[in-house]
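I opened this entry to log what I looked up, chain by chain and then across the two chains. The structure goes in here before the notes.

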Amino acid sequence: MNWLNILIQGGLLGGFYALFAIGLSMSFGIMRLVNIAHGDLIVLSAYVALVVTWYTGVAPFLSLAIVLPVMFGLGYALQRGLLNQTLSGGLLPPLLVTFGISIIIQNGLLQGFGAYDHRLKEGAIETASLQAGSFYVGVYPLLVFAVAVLSIAGLQLLFYRTRLGRAFRAVSDDADTAELMGIDNRKLYALALGIAMVFTALAGVLFGIRTIFAPSSGPIRLILAFEAVIIGGLGSMWGTLIGGMVLGIAQSIGAALDPTWQILAGHLAFLAILIVRPSGLFPRTKD
Amino acid sequence: MTLLQTQNLSAFYGDFQALFDINVTVEEGETVAVIGANGAGKTTFLRTVAGALAAAPESVVFDGKPVGHKTPHAIVRLGIAMVPEGRRLFPSLSVEENLLLGTHSERAGPWTLKRVYELFPRLHDLRHLPAPSLSGGQQQMAAIGRALMSNPRLLLCDELSLGLAPVVIRDIYECLGAITSEGAAIVLVEQDINRALDASSRFYCFQEGRLALSARTKDFDRAAISAAYFGL
């Protein structure tokens, strides 16, 4: 058994979990929206990609050119048309509404596609690997990890170097005052969920290439995303990446000890960190 | 010319009525004080004019148009900017980012970053620091600067003197002249009556949500104001 290898595989798996978590982290960070439907939106994105590949015959990677804008539009419309109406009444209404959306997506997918497992097929890259000394590293996990890092770096640039990002941070700090300074919060929230959904869709398609998905696959994705965000600390994007890696490494170690322990080990690591550092490793957002 | 006129303005927090039939006018370029004891409705008045509290459309008329029903961000775009009570700077933004936030109203005019830094030179030295690391007076300057960046025709100032040392308050009030000389009118809400009356040409005194007294500052002796203020 090679522990360094386990660390590397687990860390790369963390790239997936970080991608799962970006959208969740953004919508909580900016509008304090706890999106229970987040996992189902990841799965929905994979189905959208599946339909695109069926009808156009393009590979899943290319389908992103359609899936990402579609999911941006869906996120924008969802926030503008529905979730904005829930934000003035405290934490509970958005929880209930997104829980409802979660049920609608799961059952809609079940109705439309049946309970079968599906997978997006990208071809040779799925199984390609690189050799470095005695290590074999999968090209695909490496690619996904790179996408996660680039996504977070891109979002950091957006938040800290652009006018839109400044508005996002101001609204996150104090939405009422931002409105008094001329920011249209409702439009900004819609943009935020639209952008969050782009990363959610990216996660959905990339994970759909790696593993099978079914209409009921959403909730476990949601839990993994939640755990990555909480371990990393609310509001910190790089923290979310670290959180995803902690989760991935814990799962790899668990799997190495006994294959049935993989999922449990991740949850135990999450609980342990919650006990030792309840606000996560790198918290930024208060309340 | 009349810039702002409220006509029988009433405002509510749920079922609680906080303002009763308030009639206030502000002429272009003038400085008006709104004074009154704690809970008299001064802040409510400002928040209603700024759109944070809903009112009947015709009860707030700005530049000849009814605006009582408009949202805060739409009101800023028309040229009413607010310096909120307690400054309310954005803590995770730097001083300069706080100032730049005022540009989201997309109004052109005399006030730019450069002009704000000329008005408050200290802010230029501190521009890259996070807003909460500033002293109270510096934060107040940044809050005024942020409002100016939207190039308002009417600047609403809520309790500029709150929690500040007298010498700092004097510095800040000295800057108000530079703001009106660029054409903006100012509404000063203050509990510090002397300070507000010295800086303004007219005043309104609120008492329990109603207008108790209004007059030109120089026409009234302080005893009459005290009577209206305390409802004696």
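**Ground rules**

I am working from a predicted model, in which local features need pLDDT of at least 70, side-chain atom pairs count only at pLDDT 80 or more, and totals for chains, interfaces and linings use all residues. Residues are numbered from 1 along each chain as its sequence is written, and chains are lettered from A and ligands numbered from 1 in the order in which they are written.

I started with strand β1 of chain B, residues 2–13. Strands here are DSSP runs of E, at least two residues long, and helices are runs of H or I of at least four, both numbered from the N terminus. β1(B) runs antiparallel to β2(B), and eight bridges join them. I checked one bridge: T2(B) has E27(B) in β2(B) as its partner. Helix α1 of chain B, residues 42–49, packs on the sheet and touches β1, β2 and β4 (60–62) of that chain. I count a contact when the C-beta atoms of two residues, placed from the backbone, lie within 7 Å. The direction of α1(B) makes about 70 degrees with that of β2(B). For angles, axes are lines fitted to C-alpha atoms, for helices over the stretch in contact, and the angle between N-to-C directions runs from 0 to 180 degrees.

Next I read the strand order, which is β2-β1-β4-β5 in chain B, an open sheet with antiparallel pairing. β2 (16–27) and β5 (65–66) of chain B each have a single partner strand, so one side of each is left without a neighbour in the sheet. Two strands pair if DSSP finds at least two bridges between them.

**Chain B, the six-stranded sheet**

What is the strand order in the open sheet of six strands? I read β6-β7-β8-β3-β9-β10 in chain B, with mixed pairing. β6 (80–83) and β10 (210–216) of chain B are the edge strands, each pairing on one side only. Direction ignored, neighbouring strands of this sheet are turned by 15 degrees against each other on average.

I then followed β9 of chain B, residues 202–207, which pairs with β10(B) in the antiparallel sense over six bridges. F203(B) has A215(B) as its bridge partner in β10(B). Helix α9 of chain B, residues 222–230, lies across β3 (31–36), β9 and β10 of that chain. α9(B) runs at about 35 degrees to β9(B).

**Chain B overall**

I logged nine helices and 10 strands in chain B. Its C-alpha atoms fill a box of roughly 50 × 35 × 35 Å along the principal axes. Of its 232 residues, 49% count as buried. Buried means 20 or more other C-beta atoms within 10 Å of the residue's own, with C-beta atoms placed from the backbone; 12 or fewer is exposed, and in between is partly exposed.

**Chain A overall**

Chain A has 11 helices and two strands. Along the sequence I read α-α-α-α-β-β-α-α-α-α-α-α-α. The C-alpha trace of chain A spans about 60 × 50 × 35 Å along its principal axes. Buried residues make up 49% of its 287 residues. Of its contacts between residues at least 6 apart in sequence, 75% join residues at least 24 apart.

**A46(A)**

Is A46(A) buried or exposed? I found it buried, with 28 other C-beta atoms within 10 Å. A46(A) sits in helix α2 of chain A, residues 38–56. Leaving out residues up to four places away in sequence, A46(A) touches L120(A), G204(A), V205(A), F207(A), G208(A) and F213(A). I also looked at V198(A), which is 152 residues from A46(A) in sequence but 12 Å away in space, C-alpha to C-alpha.

**α5(A) against α6(A)**

Helix α5 of chain A, residues 139–161, packs on α6(A) at an angle of about 80 degrees, with the axes 5 Å apart. α5(A) and α6(A) are therefore roughly perpendicular, a label used for 65 to 115 degrees; under 35 is roughly parallel, over 145 roughly antiparallel, and the rest oblique. α5(A) brings L158(A), F159(A), Y160(A) and R161(A) to the contact, and α6(A) brings L164(A), G165(A), F168(A) and R169(A).

**Where the chains meet**

I ended at the interface, where 14 residues of chain A are in contact with 21 residues of chain B. On the chain A side, α6 (163–173) and α7 (175–180) each supply at least two residues. α6(A) gives the largest share, five residues.
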